[in-house]
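Hi everyone, thanks for coming. Let me put the structure up on the screen, and then we can walk through it together.

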Amino acid sequence: MTRMSTLCYLLQGDQVLMLHRTVKERDVNRGKWIGVGGHFETDESPEECLLREVWEETGYTLTAWRFRGIVTFVSGGGVTEYMHLFTADGFSGEPHPCDEGELVWVDRDAVWGLNLWEGDRVFFRLLMETERFFSLKLMYDGHDRLAYAALNGKPMELFDVLDENGRKTGVVRERGVAHRDGSLHGTVHMWVVRRGEAGPEVLLQRRAQSKDSNPGCYDISSAGHIVAGGEVMDAAVREMREELGLTVRPEELHYLGPHRGGFRSRFHGHPFWDNELSHVFVYTNPVTVDDLTLQPEEVAAVRWMGMDACLAGMHDGSLPNCIYEDELEMVRAYLGADDFE
């Protein structure tokens, strides 16, 4: 079954008009907060549907609006819906009660704390962060869990949201949303190490300028996220291959333990909140920098650096970095062990 619909977010200053769907018992959106809109009637255009639905649900007549994107929504229950997304910042008239639920003006930053569909979080983020028209595909698994997302034909990363004990909550969240609201998620950190003439050395990567956080900073040799439904070791082996061109076997990665890290900042004009549970590994096999194949969108360069010099640069600010010192101390402890060769 195929359906066509519209969805609109009315904007007023720093607030968004949200509809809390609470009225109908047999409403797939019951309990959720969404924008306003609805399904096309016979022979309607997207704009005609938009204007009719907004007036019916709010009492407002739109005077200024923008067509922002199309969402191909696959429910997992045999229904595919093509949703036409709009924002509107011009409207007139007097609001009237909505027979779908309660209409509330909500601060934009407070929208993230509402009970939203995971897919709605994705396109709300895009609407707030980009001016470009976009095409978004969202697929659910038939049990209200996000299973796939693609932006302009390119798959987006999905993470399992973890609880404070590191267990999966059952929520799957898109990468940009997870980094917008600070959702705890799993990552892998792989430190490539060697014995240098003046002592232990670590291989540092310099992050590409296009990275969504800490562009141009020195970082762990290789690191990455654990995709939704993925395993720790699979992620570690994959990231070493993709970022550095190293084909490693699981038994060649020495597990040091978990590390909890996080920070809040802004990059490229947008808020970024990292909150991760990392699985830390050390790789001791010989590595020659000139033989590495770097992933250009992730890694700008790599360099060997003595452990003491690395820590000193972190302390005096001469080494721009996004390394957690307590995690580096985990590596230092391993390098100081008798079994490190």
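Let's begin with helix H2: ten of its twelve residues are buried, so the rest of the structure largely encloses this helix. By buried I mean under 20% relative accessible area, with exposed being over 50% and partly exposed in between, using a 1.4 Å probe and protein chains only. Helices here are DSSP runs of H or I with at least four residues, strands are runs of E with at least two, and both are numbered from the N terminus.

How far apart are the end C-alpha atoms of H2? They are 17 Å apart, which agrees with the 16 Å that the twelve residues, 118–129, should span at 1.5 Å a residue. That expected span is 1.5 Å times one less than the number of residues.

A word on what you are looking at. This is a predicted model, where local features need pLDDT of at least 70 and side-chain atom pairs count only at pLDDT 80 or more, while totals for chains, interfaces and linings use all residues. Residues are numbered from 1 along each chain as its sequence is written, and side-chain values use heavy atoms, leaving out hydrogens and water.

Now step back to the whole chain. Its secondary structure comes to six helices and 19 strands, and its C-alpha atoms fill a box of roughly 75 × 40 × 35 Å along the principal axes. Of the 341 residues, 51% are buried.

The chain is divided into domain 1, residues 2–156, and domain 2, residues 185–337; these bounds come from an automatic or database domain assignment. Their C-alpha centres lie 39 Å apart. UniProt, in an unreviewed entry, lists "domain: Nudix hydrolase" for residues 1–129 and 183–329. Those positions follow the numbering used here, feature names are shortened, and annotations may be inferred rather than shown by experiment.

Next, the inside. The largest nonpolar core has 43 residues, and Met-18 and Phe-123 are among those with the most contacts inside it. Such a core is a set of buried Ala, Val, Leu, Ile, Met, Phe, Trp, Tyr and Cys residues joined through side-chain atoms within 4.5 Å. Leaving aside neighbours within four places in sequence, Met-18 is in contact with residues including Tyr-9, Trp-33 and Leu-116, where contact means heavy atoms within 4.5 Å.

Finally, is Asn-29 buried or exposed? Asn-29 is buried, with a relative accessible area of 16%, and sits in the loop between strand E2 (15–21) and strand E3 (33–34). A polar contact of 2.7 Å joins its side chain to that of Trp-117. Polar contact here means a pair of N or O atoms within 3.5 Å; within protein, one must be able to donate a hydrogen and the other to accept it, and residues adjacent in sequence count only if both atoms are side-chain atoms.
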